[in-house]
Amino acid sequence: MRFLSLLSGLGLLAGGLSASQPGSAPGAAPLANPGLFPYVDQQKWGYLDVQGRPVVAPQFESAQPFAEGLGAVRVAGRYGYLNARGQLQIPATYDYATGFRQGLAQVWLDGRPLLINAQGEVQFRHPYAQLALLEEVPDRLVVRTRSGRTGLTDLRGHLLTDTVYQRIEEFHHGRALVYSLPDKTADPNAQPQPGVIDTDGRLLVPCGRYHEIAPYRSAVTLALRPDPADARRGSGDEVLLDAAGRELDLRLGPRVSTGYGAPSFWEGVLPVEVYTVNPDTVKVWSSARHYSYASLVDARGRLLITRPGYQRITPMTQGRAFAQTTEGRTWHLLDRQGRRVGTAVYNDIVRDARFREEEAPVFENGVAYVETDAGLAGIDTTGRVVVGPLPDSIDYDDVRRYGDLLVFNGRAERGSHPDQDLYGLWLPSQQLLVPLRYEALAPSPSFATDGLLALRHNGRDAYLNLQGQVVWQAPQPVALAAPQPLNLDYMNRAQYAAASAEPLARYAGYGGWGGSDNQARPLTARAAPPRRLSVQVSEAATARYAESWAGHQLRIANTTADTVLFDAQDSHLYLNVQARDARGQWQDIEYVPSSWCGNSYHTLFLAPGQYWQLTVPAFSGSFKTRLRVKLLRQNPQDQENPLVVYSNEFAGGVNPGQFWRKPGYSPAGLMDPYNE
């Protein structure tokens, strides 16, 4: 959060630098999109050129990468667009703004989304709460009402299908899955049912005809027809649908399984599992035996591989798939007929990390990357090595692909970063190879055309060029005389931890395994208002929030005669900061995330004569207003409707985006059961 570093601000991952490269991929291209690149100095943002030279002095509260000649910047809490001459081409009037794509950008005003062109003209006015531009069909929008009803429009806002669906997914091959709005009044257990529409919004497959429908990854897709004798979801016959949603004759046979749900046909071929025994006759399944093998089925239902030997097959891309052998766990290259291409054996394959593993293409731009005995190499669709292999001197633990960029990481055993994960990169099209060197880097697939890659080196943000040179690095941070308040354009994530004191602490541990050392403490005389549960916030921001930022001291004190109970998630109270908006209405500027794990939920206890000490952030947005803290406590008379306790008011400043915009969140792992 401090100075919203390039890495967090640009959405980075992990790190790199380097020398010569042992081969280059076909189709190397010159730099096509020099653009401008955001940088930060003394908490103000400006722009660099591709040589790393400052061309727009640091003056903005935040800045986004340029796209189509414009970059979104925040001025006095609101967003506008800067051109390459450093001029505000579109005035800063919006709560938030995104980059341009095919001449349009999405912006928000008073929490409502709008589409504008490069002249700042709004494309259409509308009543919708959300708009979503689509990747495959950029002239279509998915729109959603405040009540959660979803429809499809063109770029002028004309409805192509009314807002009658729960959701509409991305289009593939001109077809999108839609899901019905379940009627909970008729059936409390009703679930959304899938259907299919085309790009004009025509309903090709009515919702509810099938239990499951796979996305159209080719001209046909798989669906699961409900079994009239078995109403359970997931039961029924598998059928094949053509592009018009009509059923085709598909007979897979009783020993052919497509796995759970309805997987996709990729380039007209479907990976399946073929049982060598009747599954119903197996009484005890043993991992030491192989009861099935992986195969491919074409659109006519023909098995293309009829002998055991493979345990897994990737999706077909550019006429090729990889199959993993059952015994050696190595990989073979297959064509669309399931025949082996060449005799090479691969130790592993590198998938594109931007996709889920089961959908990640292995061939992109005619090249797949594989691990061979000679090292990491790129092969074409004939199996011929066209890139690499990497020299033995390049050591790493893991490698991931992002388009034509490969990022690898490993743990440093010596040097200036002992026992630290470091990152390197390989960009064959530019003959750039970077050994493990940096603490973090942004895995941008457009590095070759952008010209610079954001990374972190020796604890400071930096940019790397296509020659492997660091052309800019953030200066050493200057120690400030006092911690600064937060100046955000999004809702802060509210996580305020507390713990019950003994002897009540023993009852708080049923669920909630994320503990806290912030135990309730005994109150001194006259330290809180008498005979009530109080929430008091200091007017002065003299405390430290999250170690680095200015904050207000907050005290939750119980001066009643009874113990007060609080619902909690992993020791975090349901507590957040609110602010008055321009209309004088109180609104949340922080949100309490919800855990998907039932073990997170438990109860905290605050006994009479005890208090919790916490710190809430100080906020310094452009709109000066009053703030307060909202706390939920259990209601002894109604467990479903908690009681609300508010703090005193205190001064602060907010920006418009803080009233509605939740940032993205990536869980750190299984023990971080939060998706927001």
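**A walk through the cores and strands**

Let's start at L573, which touches Y496, A498, I556, F566, D567, V592, L604, W612, L614 and L631, leaving aside residues up to four places away in sequence; touching, or contact, means heavy atoms within 4.5 Å. Keep in mind that this is a predicted model, where local features need pLDDT of at least 70 and side-chain atom pairs count only at pLDDT 80 or more, while totals for chains, interfaces and linings use all residues. Residues are numbered from 1 along each chain as its sequence is written, and side-chain values use heavy atoms, with hydrogens and water left out.

L573 also shows up in the largest nonpolar core, which has 36 residues; I556, L573 and L575 have the most contacts inside it. A nonpolar core here is a set of buried Ala, Val, Leu, Ile, Met, Phe, Trp, Tyr and Cys residues joined through side-chain atoms within 4.5 Å. Buried means under 20% relative accessible area, exposed means over 50%, and partly exposed is in between (1.4 Å probe, protein chains only). Among the elements giving two or more residues to this core are strand 44 (549–558), strand 47 (575–580) and strand 52 (623–633). Strands are DSSP runs of E, at least two residues long, numbered from the N terminus. Apart from this core lies another, of 23 residues, including L222, L250, I305 and L334. In soluble globular proteins, nonpolar side chains tend to be buried together.

L222 stands opposite L240 in strand 20. Strand 19 (residues 221–225) has 4 of its 5 residues buried, so it is largely enclosed by the rest of the structure. Strand 19 runs antiparallel to strand 20 (residues 237–241), with 5 bridges joining them. Strand 18 (residues 212–213) also pairs with strand 19 in the antiparallel sense, over 2 bridges, and I213 has A223 as its bridge partner there. Two strands count as paired if DSSP finds at least two bridges between them.

Next comes an open sheet of 4 strands, in the order 28-29-30-31 with antiparallel pairing. Its edge strands, each pairing on one side only, are strand 28 (348–349) and strand 31 (385–387). Strand 30 (residues 375–379) and strand 31 pair over 2 bridges, and I379 has V385 as its bridge partner.

Last stop: A92, in strand 7 (residues 88–94). A92 is partly exposed, with a relative accessible area of 23%. A92 and Y79 are 13 residues apart in sequence, yet 4.4 Å apart in space, C-alpha to C-alpha.
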